[in-house]
Amino acid sequence: MINLFAFLVEKLSLLCKLKVLVFGSAHAQERPTQPRGASSAPSPPHPPLQRGDLLEVPRTLFTHFGVYLGDDRVAHLIPDILPALTDDQRRLATVVTNGRLIIGCLCRRATVRVDTLEDFAYGSRVLVNRADGSGLVVGAAKGAKALPAEEVARRAEALLGSFPYSLLWNNCEHFVTHCRYGRAASRQTEQFCECIKSAIRDRRSILVTTILGIIFMFFGGMATSTTLPTILIPFTLWMAG
């Protein structure tokens, strides 16, 4: 029982720390932005952003990516349900709220849009990714050479508008790697899949799902909806492990 508890704590800790362990880039340099409503204060000088720079904004469970276009403008792919509901450009130009983002993500609706650097950051710090092709790129884009900065910006501008979206297979990181390297890839997706495979290969997952299935059967009764998952899920994990 102690080992089982330790296993559950380990997996929960892994998910909670996923952003720290996976999504941070060793090639990113912090670029402070002025918090909304904060008074200006002197800060050490930072290299100016260049058109075509790849920007990262750490969020709670993931990192958001965009391409700097110059003049305080950032192109980025973001889930948004509003374009499917209205053509009012004034409403569409407003900052994408969390509600619009979540519903857009669930409905697989997204748009490549241009926002100010402050709106893109949404109160978080901005990091400039200086990777030359080895830090961010994985999978299909591994080893790809970075395109010239102006070409990166032009590719981002050419994709403005509605865009197909998938949380794992076509997200904001796929967008920026396509613009920068000509091949879409996501380090976040790759690492998330590795975590899932690690959990599946762990034999304790079979014990956990079996115990949970028995508990559901105890409280829900011997029904098809409880019995089949109790048998099939541990069996699938056993065969895939």
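How many aromatic pairs does a search of the whole structure find? The search finds 1 aromatic pair, described below.

## Model and conventions

This is a predicted model, in which local features need pLDDT of at least 70 and side-chain atom pairs count only at pLDDT 80 or more, while totals for chains, interfaces and linings use all residues. Residues are numbered from 1 along each chain as its sequence is written, and side-chain values use heavy atoms, with hydrogens and water left out.

## Overall composition

The chain has 10 helices and 7 strands; these are DSSP runs numbered from the N terminus, with helices being H or I of at least four residues and strands E of at least two. Of its 241 residues, 38% count as buried (buried is under 20% relative accessible area, exposed over 50% and partly exposed in between, with a 1.4 Å probe and protein chains only).

Among contacts in the chain with a separation of 6 or more, 69% are between residues 24 or more positions apart. A contact means heavy atoms within 4.5 Å.

## Helices 9 and 10

Two packed helices are described by the angle between their axes and the distance between the axes. For helix 9 (residues 204-220) and helix 10 (residues 224-240), the axes come within 9 Å and cross at roughly 180°. Axes are lines fitted to C-alpha atoms, for helices over the stretch in contact, and angles run from 0 to 180 degrees between N-to-C directions. Helix 9 and helix 10 are therefore roughly antiparallel (over 145 degrees; under 35 is roughly parallel, 65 to 115 roughly perpendicular and the rest oblique).

Helix 9 contributes S205, I206, T209, T210, G213, I214, F216 and M217 to the contact, and helix 10 contributes T226, T227, T230, I233, P234, L237 and W238. By class, this contact has 8 nonpolar, 7 polar and no charged residues (nonpolar: Ala, Val, Leu, Ile, Met, Phe, Trp, Tyr, Cys and Pro; charged: Asp, Glu, Lys and Arg; polar: the others, Gly among them). S205 lies in helix 9 and is buried at 9% relative accessibility. Its C-alpha atom is 7.9 Å from that of P234, 29 residues apart along the chain.

## Aromatic pair

F218 and F219 form an edge-to-face pair, 5.1 Å centre to centre with 90° between the planes. Rings of Phe, Tyr and Trp (its six-membered ring) pair if their centres lie within 6.5 Å; planes under 30 degrees apart are stacked, over 60 edge-to-face and the rest tilted. Both F218 and F219 are exposed.

## Cysteines

The structure holds 0 disulfides, a disulfide being a pair of cysteine sulfur atoms within 2.5 Å. The closest cysteine sulfur to that of C195 is in C193, at 9.2 Å, too far for a bond. C195 is buried, with a relative accessible area of 17%, and C172 is buried at 7% relative accessibility.
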